[in-house]
Amino acid sequence: MSSRPSVRVPARPTPAPTASPAVASAAPKATAAVTPMGWMHTARFLTTAAQLHHLPAMDTPEIAFVGRSNAGKSTCINTLTQKKQLAFASKKPGRTQHINLFALGKQGITDAVLADLPGYGYAAVAKMDKLRWQQVMANYLVSRDNLTGIVMMCDPRHGLTELDDILLEVIRPRVEQGLKFLIILTKADKLTRAEQAKALSIARLQAGGGEVKLFSALKKQGVDEVAQLLWDWTHPADGPSLAPAPTELTEEEPEALDE
Ligand SMILES: Nc1nc2c(ncn2[C@@H]2O[C@H](COP(=O)(O)OP(=O)(O)OP(=O)(O)O)[C@@H](O)[C@H]2O)c(=O)[nH]1
Ligand SMILES: [Mg+2]
């Protein structure tokens with residue numbers, strides 16, 4: 001864990017503007033039939049873009065997964081959506097090199113979008129590529145109009161790094177205006193219970209009281225909680241949280257996770 005000064009991110013930002021009336025009215029209402037996990041399972045590939053201007057303009061709430069290379073962003077998306085090959089995950093850092101969008105929503109009606117972003121901090125990427133990507137990512141985070149929330153993935157064994165702090169500075173103005181924000185501590189299966197508790201409290205300090213959750217793709221830890229939170233972020237008009245989701249995990253082969 002890093003001992004650098006805390007990054008102040010407002011704990012409970014005011015609600016962000018989300019979907020347009022047209023999209024909101026098309027979105028399925030929260031009923032007993034729609035659980036956050038069932039909703040997540042509707043994920044399908046939408047598009048991929050190497051540059052910002054190649055992304056389609058949308059008015060559907062979008063949630064971006066950001067973080068260091070190899071932190072587990074793509075794996076988290078695959079675990080939440082229960083589709084092991086939706087996002088490209090790999091032991092080799094730098095696997096995700098485009099902004100990949102995935103649509104969510106029952107009956108083919110898109111009511112939210114997940115964005116899997118390339119990781120930063122991977123030493124083997126050429127300097128020019130790094131600079132180009134930092135620019136694309138910063139532009140995306142600052143200017144993507146339908147961006148509703150950011151999930152920052154952080155391996156608690158490394159803690160929040162300098163690059164994470166820079167990213168937090170980039171998004172701070174938007175978070176202060178109501179953009180939702182969550183830090184996910186990934187690969188929790190690699191920590192003992194005591195280490196998990198310690199990592200959680202340190203990250204909470206660094207997040208200035210913002211949301212922090214432990215997550216393990218291997219142990220399916222935190223999956224329901226994160227699915228619920230993403231549902232709540234993208235369906236603010238549907239009122240309080242849904243009932244806890246029955247686990248609807250598919251019986252696919254587990255993907256190869258870090259040992
Ligand atoms: N043990 C364990 N391994 C994990 C977990 N989540 C991800 N991994 C492993 O971590 C490695 C990197 O995962 P990715 O999901 O590809 O990471 P990423 O953040 O998308 O990486 P980039 O695309 O390079 O930015 C893979 O080998 C995953 O199997 C987890 O919860 N537990
Ligand atoms: Mg990835």
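Biologist: Which residues in α3 are buried?
Modeller: A residue counts as buried if 20 or more other C-beta atoms, placed from the backbone, lie within 10 Å of its own. In α3, that applies to K73, S74, T75, C76, I77, N78, T79, L80 and T81. This is a predicted model, where local features need pLDDT of at least 70 and side-chain atom pairs count only at pLDDT 80 or more, while totals for chains, interfaces and linings use all residues. Residues are numbered from 1 along each chain as its sequence is written, and chains are lettered from A and ligands numbered from 1 in the order in which they are written.

Biologist: What follows α3?
Modeller: Helices (H or I, at least four residues) and strands (E, at least two) are DSSP runs, numbered from the N terminus. After α3 comes Q82, with a positive phi near 55°.

Biologist: Which helix gives the largest share of the shell around ligand 1?
Modeller: A residue belongs to the surroundings if its C-beta atom, placed from the backbone, lies within 6 Å of the molecule. Helix α3 (residues 73-81) supplies 3 residues, the largest share. The shell holds 28 residues, and the closest are G72, S74, T75, T96 and G119.

Biologist: How do I read the faces of a strand, say β2?
Modeller: In a regular strand the side chains alternate between the two faces of the sheet. For β2, E62, A64 and V66 lie on one side and I63, F65 and G67 on the other, and all are buried.

Biologist: Which strands pair with β2?
Modeller: Strands of a sheet pair through backbone hydrogen bonds, either parallel or antiparallel. Two strands count as paired if DSSP finds at least two bridges between them. β2 runs parallel to β4 (residues 112-116) over 4 bridges, with A64 opposite A115. β2 is also parallel to β5 (residues 147-154), joined by 6 bridges; there, G67 has M153 as its bridge partner.

Biologist: Where is there an antiparallel pair?
Modeller: Look at β3 (residues 99-104) and β4, which pair in that sense over 5 bridges. L101 has A115 in β4 as its bridge partner.

Biologist: In what order do the strands form the sheet?
Modeller: The open sheet has 7 strands in the order β1-β3-β4-β2-β5-β6-β7, with mixed pairing. β1 (44-49) and β7 (211-214) are at the edges with a single partner strand each, so one side of each has no neighbour in the sheet. Neighbouring strands are turned by 25° against each other on average, direction ignored; the axes are lines fitted to C-alpha atoms, and angles run from 0 to 180 degrees between N-to-C directions.

Key
Buried ≥ 20, exposed ≤ 12 C-beta atoms within 10 Å, placed from the backbone.
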